[in-house]
Amino acid sequence: MTARLGMTALVAAFAAITLAPLLWMVSVSLMQPGEAGQFPPPLIPGDPTLANYHALFASQGMGMFLINSLLISTLATLLALVFTLPAGYAFARLRYPGRDTTVRVLLALLLIPGQIGMLPLFLELKALGLVNSYAGVLVPWLAGIVGIFLVRQYALSIPLDLIEAARIDGASEWRIFRHIVLPIMRPAVATLALFVFLGSWNDFLWPLIVLSDHDLYTLPVALAAMGRERAQDIELMMAGSVVTTVPVLILFLALQRQFIGGLLAGSVKG
Amino acid sequence: MTGLASRAERRAGWLLSAPALIAIALFFILPTVASLALSLTDFDIYALADIGNLRFVGLANYSALLSDPLFWTALGNTFWFVLLGVPLVVVVAFFAAILVNERMVAWRPAWRAVFFAPYVTTLVAAAVVWKYMLHARYGLFNHALGAIGLPPVDWLGDPRWAIPAITVFVVWKSFGYSMLIFLAALQTVPRELDEAARIDGAGWWSRLRHVTLPAVAPAAGLVAVLAVIAMFQLFAEPYVMTEGGPAQSTITVLYLMFDQGFQWWNLGIGAAVAVVLFACILAAALIPALALRIYRRRRA
């Protein structure tokens with residue numbers, strides 16, 4: 001019994017240290033302007049206020065950045081589903097010449113990090129007139145190889161007999177995908193959607209490169225820019241961090257079983 | 001096997017995979033290959049305005065890099081991040097996994113979620129928070145040091161401390177993911193083996209050494225390789241917390257690529273940095289695998 005208590009206390013202490021930065025972020029965001037700059041640093045606000053959040057939305061354009069982030073992440077998610085789901089299914093369950101070679105090539109491509117091609121991609125998008133636009137930010141999310149393998153892994157569990165039976169009943173290949181495969185793959189669809197939404201929401205380097213127009217900034221890009229101009233306003237910066245972080249944290253906590261399960265399934269070799 | 005497939009099935013296979021394959025070819029493979037080509041040119045802001053100014057310069061960008069002290073600084077800094085960060089990630093993630101896997105501990109799924117939470121937080125926002133926690137005057141770290149009677153440290157303002165300070169942040173941010181890999185490996189430890197060792201009178205420590213550690217050794221290798229690759233891709237952390245300073249002590253390879261490419265518009269040199277970065281990542285991923293293969297062959 002004491003061993004059980006002791007172990008749990010040890011984990012709780014570790015967890016408290018892990019959560020401390022996030023709790024401190026929320027606490028400081030509720031302090032009066034200038035309060036966090038005292039010594040010793042206060043841990044909880046003496047007189048809690050929402051003034052920092054009000055200032056963020058009223059004078060820092062946070063509403064606009066929030067809408068940009070929401071729109072971009074939603075669009076990235078929808079586009080990724082449209083491009084990834086059919087491909088993942090085809091690679092798993094349709095027989096056609098060249099498929100296995102394609103899968104092997106894609107698997108090898110997983111070794112290449114996206115940053116390697118960023119400079120040429122920028123030039124390519126400039127030639128297409130897509131720099132400094134939502135479209136430019138969205139482009140890398142169409143080509144998600146990890147997502148394809150996540151879907152493929154799941155699709156491999158669909159029994160071939162089921163597909164064959166539908167064919168004998170005269171269903172077209174498209175109809176089979178749409179009405180039989182997609183409903184079965186609902187958990188994979190949800191996991192993929194969650195990954196892409198979180199990934200595009202948290203992405204920094206590519207939006208930083210592609211977006212030059214302040215009005216198009218996503219939350220991370222806007223927050224980094226704000227940090228360079230208003231580094232002294234700790235309480236304001238913490239409120240900005242809360243607005244940027246809390247939506248994805250809530251999404252994660254609500255769907256964490258799905259997320260962690262998907263992460264482990266996705267890391268299994270294809 | 002394709003002999004059995006109907007024409008409709010073969011056509012559907014290509015039609016359904018085509019959109020994704022075209023997107024991958026256009027926005028991933030083409031730019032990656034073009035990076036190599038770009039690194040052999042003097043593409044800069046003048047070529048950006050008029051492509052006629054573009055010249056093929058062979059390996060000039062690479063030799064310019066090799067004689068640029070900033071390149072060696074960036075490479076050296078990145079190696080420091082690897083040297084400090086990778087062992088820390090492995091140890092902290094393993095410790096967390098052991099705790100979360102321990103049957104004696106209550107509410108295990110909740111702790112697992114807590115340890116994983118930093119991994120899903122927005123990197124830039126978390127870096128902003130840590131920048132203030134590490135602040136020389138009113139940061140929590142120095143407050144804690146003061147409480148135990150130690151002098152304050154200028155974590156992000158002192159070139160000797162900036163890399164260790166950012167490394168601690170990176171470990172906090174990422175250990176949850178590695179913990180999952182360890183957890184998956186711990187599931188494979190046979191319970192009977194652990195029980196048998198317990199009945200034979202083996203203590204906690206000796207069971208850890210002789211039963212658990214051998215079972216998770218491959219996972220530790222995987223975690224280490226992934227951590228090395230992640231360290232080579234550090235960018236937002238120094239960009240937000242130190243802007244590469246103080247005295248360029250936190251400039252990383254990816255930071256150099258961004259700076260050369262998008263601050264100074266030397267895209268040719270930037271692409272050469274990208275190619276070097278790719279070579280480093282490829283080496284980090286393949287050398288351990290090759291070494292393991294050779295080692296196994298020797299023993300066989």
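Biologist: In this predicted model, how many salt bridges are counted between chain A and chain B?

Modeller: The count between chain A and chain B is three salt bridges, and one that can be examined by name joins A:R95 to B:E9.

Biologist: Why is the pairing of A:R95 with B:E9 called a salt bridge?

Modeller: The term asks for a side-chain nitrogen of Lys or Arg within 4 Å of a carboxyl oxygen of Asp or Glu; the closest N and O atoms of A:R95 and B:E9 are 2.8 Å apart, so the pair meets that cut-off and is counted as a salt bridge.

Biologist: What makes up the side of chain A that touches chain B, by class?

Modeller: That side has 68 nonpolar, 16 polar and 12 charged residues, and its largest share, 16 residues, comes from helix α1 (residues 2–29) of chain A.

Biologist: How much area is buried between the two chains, and what share do carbon and sulfur atoms give?

Modeller: About 8,300 Å² is buried between chain A and chain B, with carbon and sulfur atoms giving 79% of it; A:R95, A:I116 and A:L119 supply 10% of the area that chain A buries against chain B, more than any other three residues.

How values were computed:
Residues are numbered from 1 along each chain as its sequence is written. Chains are lettered from A and ligands numbered from 1 in the order in which they are written. This is a predicted model: local features need pLDDT of at least 70, side-chain atom pairs count only at pLDDT 80 or more; totals for chains, interfaces and linings use all residues. Side-chain values use heavy atoms; hydrogens and water are left out. Buried area is the accessible area (1.4 Å probe) that two parts lose on being put together, summed over both. Helices (H or I, at least four residues) and strands (E, at least two) are DSSP runs, numbered from the N terminus. Ala, Val, Leu, Ile, Met, Phe, Trp, Tyr, Cys and Pro count as nonpolar, Asp, Glu, Lys and Arg as charged, and the others, Gly among them, as polar.
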